[in-house]
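Okay, thanks for coming, everyone. Let me put the model up and then walk you through a few spots in it.

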Amino acid sequence: MYADDLKIYRIISLLVDCAALQQDIDAVAAWCASNGMELNAIKCKLISFSKSQTLLTFDYRANGIVLERVNSIKDLGVIMDSKLSFNDHVTSTTAKAFAVLGFVRRNASEFRDAYALKSVYCSLVRSILEYAVQIWAPYRETQIGRIERVQRCFVRYALRRLTRCSCHRTMTDVNL
């Protein structure tokens, strides 16, 4: 049996909150053991979300193993960092969108219909840019600019491609 993506969280203000979170971790580990499941503490990660420069740190343990503290974590495809700035997520998302846009440009070079090209872009590229945007919605100009760069790249490509196609069609029609 497998269970995946369990999150345990608690607001930590005092050392007593750290102890309460450790008790929660112990309770989950005990539940797993009593139900024939193994908690893989090596795969467990710990992240603290805070705008504060100083954090109350505590070595949390699961099955006697100290949990690894990380600065960013990927959850359901969204990369969250400890400051919730989502810079790593925007970088990853735009890189993936540019890669898929390159795929579209290579494989849709024969498209003549603007609606077909737009449909391919929306389904393959734009869907990447909009995935879980309710969680990580960019509000900084730099993040917005990086995302819009992908869109502008497609628009430039589409305008060059479709303008060339319609001019070619017009010239062919005139020659007939």
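This is a predicted model: local features need pLDDT of at least 70, side-chain atom pairs count only at pLDDT 80 or more; totals for chains, interfaces and linings use all residues.

Helices (H or I, at least four residues) and strands (E, at least two) are DSSP runs, numbered from the N terminus. Axes are lines fitted to C-alpha atoms, for helices over the stretch in contact, and angles run from 0 to 180 degrees between N-to-C directions.

Residues are numbered from 1 along each chain as its sequence is written, and side-chain values use heavy atoms, with hydrogens and water left out.

So, how do α2 and α3 pack? Helix α2, residues 87–107, and helix α3, residues 114–130, meet at an angle of about 165°, and their axes are 8 Å apart. That is why we call α2 and α3 roughly antiparallel to each other.

Contact here means heavy atoms within 4.5 Å. By class, the contact of α2 with α3 has eleven nonpolar, one polar and one charged residues. For that tally, Ala, Val, Leu, Ile, Met, Phe, Trp, Tyr, Cys and Pro count as nonpolar, Asp, Glu, Lys and Arg as charged, and the others, Gly among them, as polar.

Now look at Phe154, over in helix α5, residues 141–175. Is Phe154 buried or exposed? It's buried, at 8% relative accessibility; the cut-offs are under 20% relative accessible area for buried, over 50% for exposed, and partly exposed in between, with a 1.4 Å probe and protein chains only. Setting aside residues up to four places away in sequence, Phe154 touches Leu101, Leu117, Lys118 and Tyr121. Its C-alpha is 9.5 Å from that of Gly102, 52 residues apart along the chain.

Compare Tyr139, in the loop between α4 (133–136) and α5. Tyr139 is exposed, at 51%, and its C-alpha lies 24 Å from that of Leu101.

Most residues other than glycine have a negative phi. Leu76, though, has a phi near 50°; it sits in the loop between β5 (72–75) and β6 and is exposed, at 62%. Phe86 has a positive phi too, about 65°, but it is in the loop between β6 and α2 and is buried, at 8%. That loop also holds Ser82, which is buried at 18% and, beyond its neighbours within four places in sequence, contacts Ile47, Ser48, Phe49, Ser50 and Asn71.

For Cys18, the nearest cysteine sulfur is that of Cys44, 18 Å away, and Cys18 is buried, at 0%. For Cys122, the nearest is that of Cys153, 15 Å away, and Cys122 is partly exposed, at 27%.

Terms used. A disulfide is a pair of cysteine sulfur atoms within 2.5 Å. Angles under 35 degrees count as roughly parallel, over 145 as roughly antiparallel, 65 to 115 as roughly perpendicular and the rest as oblique.
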